[in-house]
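Visitor: I would like to go through this structure with you. Could we begin with how its parts are arranged?
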Amino acid sequence: MDTKYKAEPYRIKVVEPIKETTKEKRIELLQNAGYNPFTLRSEDVYIDLLTDSGTGAMSDKQWGALMQGDEAYAGSRSFYRLEGVVKHITNYKHFIPVHQGRGAEQVVIPLLTKHDKMTFISNMHFDTTKAHVELAGARAIDCVIEACYDTKTYHPFKGNFDLDKLKHLIEERGADNIGGIIMTITNNSAGGQPVSMANLKATAKIANAYHIPILIDGARYAENAYFIKQREKGYEDKSILEIAQETFALADIFLMSAKKDGLSNIGGLIAIKDDEALFQACQSRVVPLEGFPTYGGMTGRDMEALAVGLQEALEEDYLSHRIDQVRYLGDRLKAMNIPIQWPTGGHAVFVDGKAFAPHIPFDQFPAQSIVNQLYIESGVRAVEIGSLLLGRDPDTKENIDTPLQLVRLTIPRRTYTQNHLDVVAEGMKKVYQNREQLKGLSFTYEPKILRHFTAKLKPL
Ligand code: P61
């Protein structure tokens, strides 16, 4: 059927009730949560758009696979099943499971940080990646095209690397001081924005010329491949798997939070193309940090479910519905003149908090103020991706400014319907109509690392 937005390519077999609360109650709950929805109980949330990480629904095939988990400490059958799938998708020689994306980061990044004063360059580091780069004593630099910061203007691949800037950074810092080039696909922090194959190829060419390792931070690599198929000439007739394989061929190391495009509630991956020494070093390191290399913090049953989920996430029907859900919500907000990152990307609609509430300065967290008001109006939980999340400069200790003060309305996979998204749009409309009354926030408690998770705030 040809409809404007693709209908769910599944029917619903199991349901989980959710409850609405009153506005009065939510005002009280938010105050008790220190104006930080991360510390709300999920029972007090009506529609939870905090994250698409581990929050999706598994399929009947995945639930069936759970029963086949082999829980052996070493050499589990489930490990070999998962390994087979990962090797098929990546064509890489080596694979180690980990409990989630940051588990992969803590194992691999210190091994690439060979000496002091090293730098990692990414189109855009996500916060846990940046945290692990800094914990390893290195610095994280973002190198995305300028168009990414201009939310109003259409660009099909707002996740692309700025290639001139990349060359300049490498020359300026010296190739020996670059620990790795991290291709974050899709570019989460700026709107789930894709990176084109042409840009990935050009980036890889530069990295190879300087002998710098290339990492793919590929939590949403299947969504990226889908956008390449949709938006890049020459890829219309390729399968998602073929595009993914072409992508992996460009890199040396693949780190994945499998809680996204693995369609699983937990899990992560390290895959290495052919660097034997790095693989051995990861295998030794994974033992004290995550667990024996054939489970790495995962149960056998979770490895089974992930093996199935990785394959389902490459199905085009699934992807076209998923991306259409995001597009639907984006179109609704845009029709109300609410400023969003345009075009919409893979896993969320990102509302431009700076344009929405220009009277709130960056260090009073305009996007957080919108997130809070949205919760009060509608019981919808979103998440701030802006200066609150970015934290402080590790050297100057100042709050980091960014043009992207975003409210992320993150859509879990196979979980909510179009009616739910209508509730979100109506809630956002109310917040927008009263936007002049939004107030900035200041800390009553500020943690040192990844502060946004547990910070407490108060309205000014
Ligand atoms: C998210 F509020 N993302 O987007 P882990 N790389 C990339 C990610 O998107 C990512 C990880 C690595 C989350 C979860 C999350 O402050 C937050 O499996 C591109 O979460 O360890 C995670 O993977 C890390 C939400 C993370 C947050 C940090 O919602």
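Guide: The C-alpha centres of domain 1 and domain 2 lie 26 Å apart in this predicted model. Local features need pLDDT of at least 70, side-chain atom pairs count only at pLDDT 80 or more, and totals for chains, interfaces and linings use all residues. Residues are numbered from 1 along each chain as its sequence is written, and side-chain values use heavy atoms, with hydrogens and water left out.

Visitor: Which residues belong to domain 1 and which to domain 2?
Guide: Domain 1 covers 23-52 + 315-459, and domain 2 covers 60-312; the bounds come from an automatic or database domain assignment.

Visitor: And how much area do they bury between them?
Guide: About 3,000 Å², with 56% of it on carbon and sulfur atoms. Buried area is the accessible area (1.4 Å probe) that two parts lose on being put together, summed over both.

Visitor: Which residues of domain 1 lose the most area?
Guide: Leu-319, Gln-341 and Pro-343 do, together giving 17% of what the domain 1 side buries.

Visitor: Turning to charges, how many salt bridges are there between the domains?
Guide: Seven, where a salt bridge is a side-chain nitrogen of Lys or Arg within 4 Å of a carboxyl oxygen of Asp or Glu. Asp-395 and Arg-139 form a salt bridge through their side chains, at 3.0 Å from N to O.

Visitor: Which element supplies the largest share of the domain 1 side?
Guide: That is α12, with six residues on the side that touches domain 2. Helices (H or I, at least four residues) are DSSP runs, numbered from the N terminus.

Methods. Helices (H or I, at least four residues) and strands (E, at least two) are DSSP runs, numbered from the N terminus.
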